[in-house]
Amino acid sequence: MKNILITGGAGFIGCHVVKLFVEKYPNYHIINLDLLTYAGNLENLSAIEHSENYTFIKGDICDRGLIKEIFKKYAIEAVIHLAAESHVDRSITNPFEFANTNIMGTLTLLNQAKESWKNNFEDKLFYHISTDEVFGSLGDEGFFLEDTPYDPKSPYSASKASSDHFVRAYQNTYGLPAIITNCSNNYGPNQFPEKLIPLFINNIKNNKPLPVYGEGLNIRDWLFVEDHARAIDVVFHKGTIGDTYNIGGFNEWKNIDLIKVICKVMDTKLGREEGTSEKLITYVTDRAGHDMRYAIDSTKLKDNLGWEPSLQFEEGIEKTISWYLDNEAWLHNIVTGDYKDYYKKQYAAD
Ligand code: NAD
Ligand code: DAU
């Protein structure tokens with residue numbers, strides 16, 4: 001058995017990574033450490049929660065004593081680190097929480113990995129999941145490459161950039177075997193409905209206004225979450241230690257165009273007259289410091305490790321909308337906060 005610590009496995013991307021690894025690799029013991037903040041939801045993992053090669057631990061990546069205990073008890077050999085505060089708007093109102101979780105949490109994990117592995121770094125890996133937002137904002141032309149200088153512009157991206165720097169510092173100073181990937185915007189099942197796509201799906205369903213920031217002209221590069229999980233699998237197994245890889249879908253959308261696609265698909269699926277959902281579009285005050293454009297060049301990952309997105313966007317967005325409409329209870333539980341009861345029932349604890 002190889003013992004792998006995955007952090008943030010009850011969140012959006014984390015749950016897809018945990019499911020993939022637990023199901024695909026019965027010879028790996030997956031230890032999922034998640035604090036179950038508002039963004040963590042164990043319902044996301046009900047399909048594998050009783051698997052023999054899976055253990056869930058509720059806890060904080062900043063808790064040094066707990067991290068030390070986990071490394072020792074489970075003889076951790078690799079870390080896939082996803083736990084983070086991830087929503088830009090929340091970072092604008094509460095930057096300290098982002099610095100604490102994203103920087104101090106990452107540092108806590110790095111330091112314990114160094115301490116536990118220092119006598120033998122062979123076959124060990126600290127894999128840090130990061131974002132394209134560390135590169136800042138693009139103009140009309142060009143893409144983020146692996147060597148694009150860091151230029152984070154929101155408290156969220158500044159905290160992620162800082163955590164990336166700590167990973168490289170541990171690699172350079174102590175020889176910790178590490179890999180970083182920087183991914184573009186993910187979409188798909190299980191995303192918390194505060195992010196653009198699930199929020200708008202939920203609002204359309206409930207005939208609520210669709211709050212478009214500014215003029216809706218900002219551009220994001222969207223990747224289906226299961227393709228990100230597959231990329232993580234590929235990099236984990238085939239990536240070069242010390243290297244960094246960009247992950248993206250070459251799939252840029254202006255927000256307003258993307259929103260109109262969502263409206264159209266929702267009208268069809270809900271049997272509403274075409275144009276009904278678009279009427280809900282409401283332009284609101286722009287996000288402070290709103291990055292204009294992200295676009296990832298993931299050629300290195302394709303050329304070196306053979307990864308490519310498997311889904312075309314039209315198929316991905318259709319699949320995503322169907323998932324939210326078919327999983328009404330999941331959405332209802334999130335919106336009402338009832339999903340927190342799941343943990344209490346499941347683990348008889350708070
Ligand atoms: P998410 O907010 O959906 O999930 C984060 C998870 O981390 C939650 O389950 C939460 O409970 C857990 N968590 C938060 N603080 C914790 C702590 N102190 N200790 C333990 N667990 C804690 O986030 P996501 O969208 O799944 O993003 C996962 C990772 O991928 C993040 O590091 C994020 O920066 C990165 N990323 C996200 C995207 C995206 O589009 N969502 C794109 C690129 C990179
Ligand atoms: O690029 C990767 C990043 O993508 C990740 O690192 C972050 O964790 C993830 O949250 C995401 O950040 P964004 O800020 O790009 O995602 P969000 O879904 O919040 O917003 C997408 C775009 O939609 C952005 O231009 C802001 C706009 N928006 C968002 C919301 C929530 C609106 O116009 N209205 C909204 O209500």
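Colleague: Which backbone atom sits 3.0 Å from a nitrogen atom of ligand 1?

Modeller: That's a polar backbone atom of Leu-35. Keep in mind that we're looking at a predicted model.

Colleague: Okay. Which side chains come up to ligand 1 with polar atoms?

Modeller: Look for N or O pairs within 3.5 Å. Here, Asp-60 has a polar side-chain atom 2.8 Å from a nitrogen atom of the ligand. Tyr-156 puts a side-chain N or O atom 2.7 Å from one of the ligand's oxygen atoms. As for cover, ligand 1 on its own would expose 830 Å², and the protein buries 96% of that.

Colleague: How many residues surround ligand 1, and which parts of the chain do they come from?

Modeller: There are 28 of them, with Ile-13, Asp-34, Ser-86, Tyr-156 and Lys-160 the closest. Helices α1 and α5 and strands β5 and β7 each supply at least two, and β5 gives the largest share, three residues. By type, the shell splits into 13 nonpolar, twelve polar and three charged residues.

Colleague: Now a helix. How do I read its sides?

Modeller: Start with the general idea: an α-helix has 3.6 residues a turn, so residues three or four places apart point the same way. Now take α11, residues 328-336, where Trp-330, Leu-331, Asn-333 and Ile-334 are buried. Those four sit on the same side of α11 because they cover an arc of only 165° around the axis.

Definitions and conventions
Residues numbered from 1 in each chain as written. Chains lettered and ligands numbered in written order. Predicted model: local features only at pLDDT ≥ 70, side-chain atom pairs only at ≥ 80, totals over all residues. Heavy atoms only, no water. Near = heavy atom within 4 Å. Polar contact = N/O pair within 3.5 Å; in protein donor to acceptor, adjacent residues only side chain to side chain. Areas by Shrake-Rupley, 256 points an atom, 1.4 Å probe, with all protein chains shown as cover. Nonpolar A, V, L, I, M, F, W, Y, C, P; charged D, E, K, R; others polar. Buried < 20%, exposed > 50% of the residue type's maximum accessible area, 1.4 Å probe, protein only. Arc of directions from axis to C-beta.
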